[in-house]
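Colleague: Please show me the sequence and the model, so that I can ask about them.

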Amino acid sequence: MGQLFTVVVHDRQKGRTVTALVPEGKYILHALEEQGNGLPFSCRNGCCTTCAVRIKAGSLDHREALGLSQALREQGYGLLCVARAVADVEVETQDEDEVYELQFGRHFGRGRVRPAIPLEEE
Ligand code: FES
């Protein structure tokens, strides 16, 4: 049997803290669900960012987190549905849509239609 890691999740929306032992290499979201500690999710594929968390201590294996940019990984975000336990880790749930907005809000902003010719009145 593989190693067990301690995963602590501060579920900010519910004001509770979940502590679980998660086997090495197992998806953290799945392991927590099996232990009766469901957390927000939607796609379960590492794409939608519903399950995003901020990593407070430790680290995750999130090579499968396709929906999370490298920049946000470096800022300490993770996606629990495709994150595997590789060490003890402590995370907290994001604000609603926090990661989605960080990641896509800016692109949409940049994509705003701009007039090719500057408006006279400005
Ligand atoms: S549930 Fe969609 S990224 Fe995790």
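The questions and answers below go from the whole chain to single residues.

Modeller: This is a predicted model, where local features need pLDDT of at least 70, side-chain atom pairs count only at pLDDT 80 or more, and totals for chains, interfaces and linings use all residues. Residues are numbered from 1 along each chain as its sequence is written, and side-chain values use heavy atoms, with hydrogens and water left out.

Colleague: In what order do the elements of the chain run from the N terminus on?

Modeller: Helices (H or I, at least four residues) and strands (E, at least two) are DSSP runs, numbered from the N terminus. The chain has 3 helices and 5 strands. From the N terminus on, their order is β-β-α-β-α-β-β-α.

Colleague: What percentage of the residues in the chain is buried?

Modeller: A residue is buried under 20% relative accessible area, exposed over 50%, and partly exposed in between (1.4 Å probe, protein chains only). The chain has 122 residues, and the buried share of them is 37%.

Colleague: What share of the accessible surface belongs to carbon and sulfur atoms?

Modeller: Accessible areas come from the Shrake-Rupley method with a 1.4 Å probe, and for residues only the protein chains shown count as cover. For this chain the surface totals about 7,400 Å². The part that belongs to carbon and sulfur atoms is 51%.

Colleague: Of the contacts with a separation of 6 or more, what percentage joins residues 24 or more positions apart?

Modeller: Contact means heavy atoms within 4.5 Å. Among contacts in the chain with a separation of 6 or more, the share from residues 24 or more positions apart is 57%.

Colleague: Is Asp11 buried or exposed?

Modeller: Asp11 is in strand 1, which covers residues 4–11. Leaving aside neighbours within four places in sequence, Asp11 touches Arg16, Leu39 and Thr93. Its relative accessibility is 2%, so Asp11 counts as buried.

Colleague: How many disulfides does the structure hold?

Modeller: A disulfide is a pair of cysteine sulfur atoms within 2.5 Å. For Cys47, the closest cysteine sulfur is in Cys43 at 5.0 Å, which is too far for a bond. The number of disulfides in the structure is 0.

Colleague: Where does Cys81 lie, and is Cys81 buried or exposed?

Modeller: Cys81 is in the loop between strand 4 (77–79) and strand 5. Leaving aside neighbours within four places in sequence, its contacts include Tyr27, His30 and Cys51. With a relative accessible area of 2%, Cys81 is buried.

Colleague: Which residue forms a salt bridge with Asp95?

Modeller: A salt bridge is a side-chain nitrogen of Lys or Arg within 4 Å of a carboxyl oxygen of Asp or Glu, and the structure holds 10 of them. Asp95, in the loop between strand 5 (84–93) and helix 3, is 83 residues from its partner, which is in the loop between strand 1 and strand 2 (16–23). The closest N and O atoms are 2.7 Å apart, and the partner is Arg12.

Colleague: Are Glu98 and Arg54 buried or exposed?

Modeller: Glu98 and Arg54 form a salt bridge, with the closest N and O atoms 2.7 Å apart. Glu98 is in helix 3 and Arg54 in strand 3 (residues 52–61), 44 residues apart. Both residues are buried.

Colleague: Which residues are linked in a network of salt bridges?

Modeller: The pair of Asp95 and Arg12 and the pair of Glu98 and Arg54 were named above. The network links Arg12, Arg54, Lys56, Glu92, Asp95 and Glu98.

Colleague: Which residue forms a salt bridge with Lys26?

Modeller: Lys26 is partly exposed at 26% relative accessibility. The N to O distance is 2.9 Å, and the partner is Glu34.

Colleague: Why does the pair of Tyr100 and Phe104 count as tilted?

Modeller: Rings of Phe, Tyr and Trp (its six-membered ring) pair if their centres lie within 6.5 Å; planes under 30 degrees apart are stacked, over 60 edge-to-face, and the rest tilted. By this rule there is 1 aromatic pair. The ring centres of Tyr100 and Phe104 are 4.8 Å apart and the planes stand at 55 degrees, so the pair is tilted.

Colleague: In which helix do Tyr100 and Phe104 lie?

Modeller: Tyr100 is partly exposed at 36% relative accessibility, and Phe104 is partly exposed at 26%. They are 4 residues apart, about one turn of the helix, and both lie in helix 3 (residues 98–110).
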